[in-house]
Amino acid sequence: MSYLILKDINKIYPNGFHAVHNFNLEIEKGEFIVFVGPSGCGKSTTLRMIAGLEQITKGDFYIDGEYCNDKGPRERGIAMVFQSYALYPHMSVYDNLAFSLTLQGIDEDIIEEKVKATAEILGLTDYLDRKPRALSGGQRQRVAVGRAIIRKVGVFLMDEPLSNLDAKQRVTMRSEITQIHRATGATTIYVTHDQTEAMTMADRIVVMKDGYIQQVGTPYELYFKPVNVFVAGFIGEPPMNFITGSVEGGKFYFGEENLDLSKVLDAEVIKKYEGKEMVFGFRPESIRLSDGEESDAYVFNSTVELTELLGDNTNVYADIDGIKSILKVNPHDTPKIDSSFTFAVPYKSVYIFDKETEEVIPTIEQ
Ligand code: ATP
């Protein structure tokens, strides 16, 4: 049996707003799960229901086989790290770390041992006497994580814990949290709206939108096998390019251009979509420069509108017959603004979606 089980979980707030719909998920012991999605999609609400801070309106929630819907936050064996750190400002780092253990009446010697061991894992040994105000944002965040891990609970919940840090600190803390997770082996649920955090930290990602789970999978599965337009566009940076067009005579028409769909779809599928609309997707990083002749790829002609040199690559903002797209190229191949730019999208890197349902249409395995 899975360690955490969320079965048909729903949240309807007292004002009638249905924030989470039929959320189903089983989490194994030791997994690092990330809930990701845009603002308002219901990730924090779901986390707070797991924590016991929010009543579950409908559905069943189990931890280690025990029904937990009616259990209070303290009875669930859960520690939570919030975005705001929630440190005690008048207490030293040592006392902040020791606080929950002191409350439990644990022996001073054991507390000291645990505080020192936790500080060691988090690189806080030299700061134990300081008050939070004398720490950097990253160090404060580490104390907040330390307060959670010192309790040796079964489940850690983290709600956007890195959002108050600058970009560089976020990258450092990201790998630190992953390493702490590896060291403690604790089951962790982590909420973020940042797909990069989700991709780099998670064993499995839960993508949410408007209160519904869109897809659950490993970072690899979500990137290479998105189930719909939303997931395809949400995972990956810059996002996937989408072109809407219609199917006529086995071809995909958009603007003045057309593409032979038999290169990527089975004949039966093409027939089914005759006269209907599809969405053609490709990732900015899947393109290559082309001289116009390709045997394993579609060729696109575009006009360069803007380029952004990022160092390891250049983002090219290009117009394909009226459709805006972003392409990633080697910085040495950066094209000139207003020049025409011909590129190829390998058939194996193409995604096709149903325009109406927005669900993926499986392509031929290349
Ligand atoms: P964010 O990243 O902005 O925190 P989120 O995905 O965590 O977003 P939630 O905080 O779970 O989103 O909120 C989900 C939806 O529920 C939102 O539309 C929000 O306005 C609504 N909501 C949250 N709390 C309440 C409440 N107490 N009463 C009514 N609606 C609420």
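Residues are numbered from 1 along each chain as its sequence is written, and side-chain values use heavy atoms, without hydrogens and water. Because the model is predicted, local features need pLDDT of at least 70 and side-chain atom pairs count only at pLDDT 80 or more, whereas totals for chains, interfaces and linings use all residues.

The ligand is surrounded by 13 residues, of which S39, G40, K43, S44 and T45 are the closest; a residue is counted here if one of its heavy atoms lies within 4 Å of the ligand. The shell comprises five nonpolar, six polar and two charged residues (Ala, Val, Leu, Ile, Met, Phe, Trp, Tyr, Cys and Pro count as nonpolar, Asp, Glu, Lys and Arg as charged, and the others, Gly among them, as polar). Helix α1 (residues 43-51) gives the most to this shell, with three residues; helices (H or I, at least four residues) and strands (E, at least two) are DSSP runs, numbered from the N terminus. Oxygen atoms of the ligand lie 2.6 Å from a polar side-chain atom of S39, 3.0 Å from a backbone N or O atom of C41 and 2.9 Å from a polar side-chain atom of K43. Taken alone, the ligand exposes 630 Å², and the protein buries 62% of that (Shrake-Rupley method, 1.4 Å probe).

Strand β3 (residues 32-36) is largely enclosed by the rest of the structure, because five of its five residues are buried (under 20% relative accessible area, with a 1.4 Å probe and protein chains only). F32, V34 and V36 cover one face, while I33 and F35 lie on the other. Strand β3 runs parallel to β8 (residues 187-192), to which five bridges join it, and V34 stands opposite Y190. Pairing, which requires at least two DSSP bridges between two strands, also links β3 to β9 (residues 204-209) in the parallel sense over four bridges, with F35 opposite V206.

A separate description concerns an open, antiparallel sheet of five strands in the order β15-β19-β16-β17-β18. Strands β15 (288-289) and β18 (323-329) each have a single partner strand, so one side of each is left without a neighbour in the sheet. Seven bridges join β17 (residues 314-320) to β18, and N315 stands opposite K328.

In helix α3 (residues 108-122), T118 is buried, with a relative accessible area of 7%. A polar side-chain atom of T118 lies 2.8 Å from the backbone oxygen of K114. Beyond its neighbours within four places in sequence, T118 is in contact (heavy atoms within 4.5 Å) with G146, I149 and I150.

How values were computed. Buried means under 20% relative accessible area, exposed over 50%, partly exposed in between (1.4 Å probe, protein chains only). A polar contact is a pair of N or O atoms within 3.5 Å; within protein, one must be able to donate a hydrogen and the other to accept it, and residues adjacent in sequence count only if both atoms are side-chain atoms.
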